[in-house]
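Hello,

Here is the structure we spoke about, for you to look through. My notes on what turned up in it follow below.

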Number of protein chains: 2
Amino acid sequence: MDDTFTPVTDVGEFGLIERIKEVLAPGAERVEVGIGDDAAAFATTEGSLQLITTDSLIEHVHFDRTYTPMRHLGYKAISVNVSDIAAMNGVSRVATVAIGLPNSISVEMVEALYAGMRDAAEGYGLSVVGGDTTASHKLVLTVTVVGECARKNLVRRSGATPGDLLCITGNLGASYAGLRILQHHKERLLEEGDGYEPDLSAYAPVIERHLRPTARTDIVASLQTHGLQPRAMIDLSDGLASDLRHLCASSNCGADINLDSILISPETKAVASLLDEPIERYALTGGEDYELLFAVDPSRETDLKKLADVQVVGVCLPTTKGIRVTRSGVSVDLGESGFAHF
Amino acid sequence: MDDTFTPVTDVGEFGLIERIKEVLAPGAERVEVGIGDDAAAFATTEGSLQLITTDSLIEHVHFDRTYTPMRHLGYKAISVNVSDIAAMNGVSRVATVAIGLPNSISVEMVEALYAGMRDAAEGYGLSVVGGDTTASHKLVLTVTVVGECARKNLVRRSGATPGDLLCITGNLGASYAGLRILQHHKERLLEEGDGYEPDLSAYAPVIERHLRPTARTDIVASLQTHGLQPRAMIDLSDGLASDLRHLCASSNCGADINLDSILISPETKAVASLLDEPIERYALTGGEDYELLFAVDPSRETDLKKLADVQVVGVCLPTTKGIRVTRSGVSVDLGESGFAHF
C-alpha cells in the first residue's frame, strides 16, 4: 500500500481533477463529453443527447447562514446547475437534491429551502424529481440537473478559433459586490452588536445577484431564435479571468479582452468604492456571476448585435499571443494575477 | 415570517420527505415517476425513459473512516445508487460524483476512492462522466446515477396485488453482521490499544458485504432473460421490515413473510451468536444488504424457480390482513418493532 500523503492543497482543485481523470477509465462510447466541461453529455440508447451536471453548496465553504435566507439558497442551488447546462447550449429538464441536515435546521427551514427550489424549477421549466435526505454536521446541498440538447446545438468549451468574437452576457462583478457588502456589514454587526441595523436597500441588486442568482437560460433561447451557434461557451462561475483561461485552454487559443467594454453596474462600483477595492478585481475575478462567455464566428457580427444583453468584449487570438486584457489601449497578460498590473 | 422551529427528529426522515413533496409542485408531464420510489423516471423529448437516483454517504453518519478503505467506499457509493436503478428494473448508464473533502484526505486517498468507483463502474457497465470537488469539514460523497429502462419493463413499488408471490434475492443480515463485527473489534481496539490485532478472516464475507456491497444487476438481467416482469420491486437498503412496509404502502396491500424461508449466511449467524444478539434483528432490520424484494404474478411460479439466487419468501395479502411475519407457524404483525415479539 502506498502511504504517501499529498495534501490536496499541493495540487489544487484543478490538479486534483486531472488526477481523478487519470484514475477513471475513459467513458464508454455513448459518453460524448466527459469530465472537464460545464456539463457532461451522453447519448441514450435511442440516440438523443442528455446533459448532466452536479454542484454542491456547503455551509461555511459556499455560504454563510447568518445572511443567507433558506429560500434564496434553494433557488441558488438550482441556478448554479442550470447555468452549467445553459453553458452547453442545453435546456434543463429534471433535478435531484441530496441534502445533509444538521440539527440546527428546522422542518420550516427545509420547507423554505425547497420553496426556493420550486421557484427556480418553475422559472426554468424543470422538475425536482427525487433526492436523498440525511443527517450531517453542516448543511450540505448537492443538486444534479439533467438537461437536453439537440446534437447539432451542443456547444463545448473547446471550439473557439482565432478571430472569433468573444461575448459576455449581462454585467460582471455584481455577485462579488453583494458578497463583500454582506461580509462588511456582518463585521460591523459583530463589532457594534445587535443594535446595528444597516440600510442595505441601495445594494439590493448586487445582494440579490449573490444570494439568488439567475442562470441565463434566456440567452440560450435567444441564440436559438437568431440561429446563432456559439463555437465555444462557458459560464462565469469562477470569475472571468479563470473561466476565460479554461475556455482558451480547451480551445487551444489566446484572447484579448477589452476591459472597457465589460459592463459593471453602478451598485457594483459603489461597493468597490465604499470598500476602497479595485473594481478590476470585481469584474475579472469576482466569480459567481453566472453570466455566459462565448465565442462566435465573426461573420455573424450583425446577428450578434440583435441579442439583448450581450456585449462583444474581445476576440480570440492564436495561442502564441497569450490571454490579454486591454484597458485604454494598455494591454497586460492575464497570467496569474496579471490584472494586478493595472 | 413563520418563526416556528420544528426539529426534523419530530417528523422523522419519511415525515420530512412528505413535507418536501407538499412544497414541490407536481412534476411536469414528462415525469413518470417522481419522489417516493427507488428512482425517478422521466421521458426524453424523443420519448425514451430515463431513470435517476442520488445518494449521499457522509462520514460519521454512514461510514467510519477507521475501518473503511477508501477504495471500498468508492465502490459502495456507486453500488447503492445502481441498486436503486436495478429496483426499477433498469440499467445504469452514467454517474456524477460530488465530493466534499476535509484536509485530512490526501490526493492518494482521493485516487483510491475513484479507483473503487472505476471498479464499480466497470462491473456495472456505467461511466463516471462528471462531478464537483469542494472543501468540506467531513468527507461527503454524493453520487447520482442515470439509467435507462424500456417503458414496458419499468417496475415501481406500487404494482403488487394480493396473491402475488414475494421474492428476495440472496441472503439477509450480512451487511449488518459486517458492521457489528467491525464495531465490536473497534471497541476492543480502543480498550486494548494498538497491540490488539484481531483475526477477522472468518468474517470476511460479511465484512465485504458491508464495506463493498454489490447491486443485484444480475437479477435484472435474469428477470429479462426469463421474461419475468415483477409487479413491484424495492431494494433492501433500510432493512426488510421497513422496505416491505414501503412496498405494501405503495401497493396498498398487506403481506405475510415466512421467516424460515429467508436465507441467512453462516457468517451472519456466527456474528449474531458471538455478540449474543437476536438473528431476527439482523434479517429484518439490518439494512444495507442491497438485495431486491419483488412481487410476481403467482401464475409465473414455475419460471420463478429458474432464477438463480431468488427465494419465494411470502405472499401479498389484502391490506386488512396487515403485514405479518411467520416463523414455525407463529405469525406476528410487523408493526413498529413487531418482530421483537419473537
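**Interface between the chains**

Putting chain B and chain A together buries an area of about 6000 Å², and carbon and sulfur atoms give 66% of it. Please keep in mind that this is a predicted model. The contact involves 76 residues of chain B and 76 residues of chain A.

As for specific pairs, the rule finds three salt bridges across the interface of chain B and chain A. E111(A) forms a salt bridge with R19(B), with 2.7 Å between the closest N and O atoms. There are also 19 residue pairs in polar contact across the interface of chain B and chain A, with both residues at pLDDT 80 or more. On the side of chain B that touches chain A, the elements that give two or more residues are α1 (8–23), β2 (40–43), β3 (49–58), β4 (91–101), α3 (107–124), β5 (127–135) and β6 (140–148) of chain B. Sorted by class, that side of chain B has 34 nonpolar, 27 polar and 15 charged residues.

**Symmetry**

How is chain B superposed on chain A? A rotation of 180° does it, with 0.0 Å of shift along the axis and an RMSD of 0.0 Å. This is the relation of a two-fold axis. Both copies use the same surface, since 100% of the contact residues of chain B recur in chain A.

**Salt bridges**

Over all chains, a search of the whole structure finds 51 salt bridges. One of interest within chain A joins R157(A) and D37(A), at 3.7 Å from N to O. R157(A) is in the loop between β6 (140–148) and β7 (165–169) of chain A, and D37(A) is in the loop between β1 (31–33) and β2 (40–43) of chain A, so the pair ties together parts 120 residues apart in sequence. R157(A) and D37(A) are both buried.

In chain B, R188(B) forms a salt bridge with E192(B), the closest N and O atoms being 3.2 Å apart. Both residues belong to helix α4 (residues 174–192) of chain B and sit four residues apart, about one turn of the helix. R188(B) is partly exposed, at a relative accessible area of 31%, and E192(B) is partly exposed at 46%.

Back in chain A, D119(A) forms a salt bridge with R118(A), with closest N and O atoms 3.8 Å apart. R118(A) counts as partly exposed, at 22% relative accessibility. Finally, a network of salt bridges links R209(A), R216(A), D218(A), D289(A), E291(A) and D309(A).

Regards

How values were computed:
Residues are numbered from 1 along each chain as its sequence is written. Chains are lettered from A and ligands numbered from 1 in the order in which they are written. This is a predicted model: local features need pLDDT of at least 70, side-chain atom pairs count only at pLDDT 80 or more; totals for chains, interfaces and linings use all residues. Side-chain values use heavy atoms; hydrogens and water are left out. Contact means heavy atoms within 4.5 Å. Buried area is the accessible area (1.4 Å probe) that two parts lose on being put together, summed over both. A salt bridge is a side-chain nitrogen of Lys or Arg within 4 Å of a carboxyl oxygen of Asp or Glu. A polar contact is a pair of N or O atoms within 3.5 Å; within protein, one must be able to donate a hydrogen and the other to accept it, and residues adjacent in sequence count only if both atoms are side-chain atoms. Ala, Val, Leu, Ile, Met, Phe, Trp, Tyr, Cys and Pro count as nonpolar, Asp, Glu, Lys and Arg as charged, and the others, Gly among them, as polar. Copies are superposed by least squares on the C-alpha atoms of residues with pLDDT of at least 70 in both. Buried means under 20% relative accessible area, exposed over 50%, partly exposed in between (1.4 Å probe, protein chains only).
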